[in-house]
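Biologist: I would like to learn how to read surface and core features. Please start with the terms.

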Amino acid sequence: MLSFVTDDVYRAIADPTRRAILDELTERSGQTLFELCTRLAMKHGLGSSRQAISQHLDVLESAGLVRIERAGRYVRIEIETAPLRGIVERWLTSPAPALAPPAPEVAEAAEAPEAPDGRPGDTE
Amino acid sequence: MKINLASVLIDDQDKALAFYTEKLGFVKKTEFPVGEARWLTVVSPEEPDGVELVLEPDSHPAVRPFKEALVRDGIPWTSFAVEDCQAEFERLSALGVTFTQPPIDMGPVVVAVLDDTCGNLIQIASQTDAAQG
C-alpha cells in the first residue's frame, strides 16, 4: 500500500538549505539550534541567520520531517524520515502491478531482445 | 589597555566554584566579600597570571531570561580553549559533565558544548592541523 505524501513534503525538500538541514540531522539527530547553525555555516558555507534557519525548521516541522522537542532546558531538533518513505515506495519499491497494468507496447518491448532462436539476449 | 577579566553569570557561587575547579580544573584566584556576594575569580592552572574568570551572580532580573533563551537554543556564551577537544570531552563526561553537543570537526576547530550546571552552556574548542595550514 502506498503511503500518502503530502505536497508539504515535496515543498519542504525542494529547498537546498532545508536539504542541508536534513543532511546534518541524518548525521546526528537531536541537535540544538546552535549546533545545527554551526554545522550549516562551517560545513555548507551557509550564511543564513539563526532566524532564517528557524523558519526553515518550521517548514520542515509542518511537513513532519523534523520534530522540535523540549528536553529539559534545551530544545532538540529530531529528524523524522517517515514521510519520505512514501516517496521511495511510490517510485522505487512498489511492485508494478500495484500501480497499473503494463501497457501492451511495454510488454512487447521487454521481449524484443530475445533472439529468433529463443536464446534471450544473445546478440552474436 | 589589557583584558584581564571575563565573567560568567552563575546562579550560585559555591556551586559554580565547585564546578569550575573540581570539574573543569581551574583554580581559585581571588575571593573576598562584596556586599551580599563575593568577588570570586578562577584562573587556568596553565596561566595562573592570565585572564581571570569572574563567577558573577546572575541576580539581576534581566539575566535569567537571557540565559534561559540561550540555553534553550544550545548557545554557549563563553568558550574555553583546550588542547584536545575529544580527550577533554571524554575526561569531563567521565566526571559526570553533561554535553549538549559532542565534539564536532568544523574544519579549523573541533568544538563541543557542555552545561556548567549554573545556567550556562560553555563551548570548548581545540584547533586542528587545518587551522595552522
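Modeller: Buried means under 20% relative accessible area, exposed over 50%, and partly exposed in between (1.4 Å probe, protein chains only). This is a predicted model, in which local features need pLDDT of at least 70, side-chain atom pairs count only at pLDDT 80 or more, and totals for chains, interfaces and linings use all residues. Residues are numbered from 1 along each chain as its sequence is written, chains are lettered from A and ligands numbered from 1 in the order in which they are written, and side-chain values use heavy atoms, without hydrogens and water.

Biologist: Is A:L92 buried or exposed?

Modeller: A:L92 counts as exposed, because its relative accessibility is 68%. A:L92 is found in helix α5 (residues 82-93) of chain A; helices are DSSP runs (H or I, at least four residues) and strands likewise (E, at least two), numbered from the N terminus.

Biologist: What about B:A87 in chain B, and where is its place?

Modeller: The place of B:A87 is in helix α3 (residues 85-94) of chain B. B:A87 is partly exposed, because its relative accessible area is 37%. B:A87 and B:P103 are 16 residues apart in sequence and 9.5 Å apart in space, C-alpha to C-alpha.

Biologist: Which residues have the most contacts inside the largest nonpolar core?

Modeller: A nonpolar core is a set of buried Ala, Val, Leu, Ile, Met, Phe, Trp, Tyr and Cys residues joined through side-chain atoms within 4.5 Å. In the largest, with 24 residues, they are B:Y20, B:L24, B:L53, B:L55 and B:L114. The largest share of this core, four residues, comes from α1(B).
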